[in-house]
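Have the model open as you read.

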Amino acid sequence: MCKTFIAAILVDNRLHDAPKLQEILTKHGCIIKTRLGIHEAGESCSNQGPIILHMQATEDEIKAFENDVKQLDHVKLQYMNLEC
């Protein structure tokens, strides 16, 4: 059964973890409906930033995504379920 939910990812060390996180997001791209990345731009780019994902996935797909993200040291993941 597919679930629709919002995933919030907080990247605490963007310079270190962004390339690995990008690989994970690409790997699981078929379950990501919308992606929004936010960081401070300007003279010096912030090393921290949130990513908001609107996702639709089965329980197995969610677990696989979670397992991959949890391998990153400076990345936190939380979910908000969306009910019809």
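Predicted model: local features only at pLDDT ≥ 70, side-chain atom pairs only at ≥ 80, totals over all residues.

## Strand β3 and its partners

Let's start with β3, which covers residues 49–57. Strand β1 (residues 3–11) runs antiparallel to β3, and nine bridges join the two.

Which residues of β3 sit on its covered face? They're Gly 49, Ile 51, Leu 53, Met 55 and Ala 57, while Pro 50, Ile 52, His 54 and Gln 56 take the uncovered face. Why the every-other-residue pattern? Because side chains in a regular strand alternate between the two faces of the sheet.

## A salt bridge across the chain

The model has five salt bridges. In one of them, the side chains of Lys 3 and Glu 59 come together at 2.6 Å, N to O. That pair ties distant parts of the chain, 56 residues apart: Lys 3 belongs to strand β1 and Glu 59 to helix α2 (residues 59–69). Lys 3 is partly exposed at 33% relative accessible area, and Glu 59 is partly exposed too, at 37%.

Lys 63, Glu 66 and Lys 70 form a salt-bridge network. Glu 66 meets Lys 63 at 3.9 Å, N to O, and its closest N–O approach to Lys 70 is 3.9 Å. Glu 66 and Lys 63 are three residues apart in helix α2, so about one helical turn separates them.

How accessible is each one? Glu 66 is buried at 12%, Lys 63 is partly exposed at 46%, and Lys 70 is exposed at 58%.

Definitions and conventions. Residues numbered from 1 in each chain as written. Heavy atoms only, no water. Buried < 20%, exposed > 50% of the residue type's maximum accessible area, 1.4 Å probe, protein only. Helix = DSSP H or I, 4+ residues; strand = E, 2+ residues; numbered from the N terminus. Pairing = 2+ DSSP bridges. Salt bridge = Lys/Arg side-chain N within 4 Å of Asp/Glu carboxyl O.
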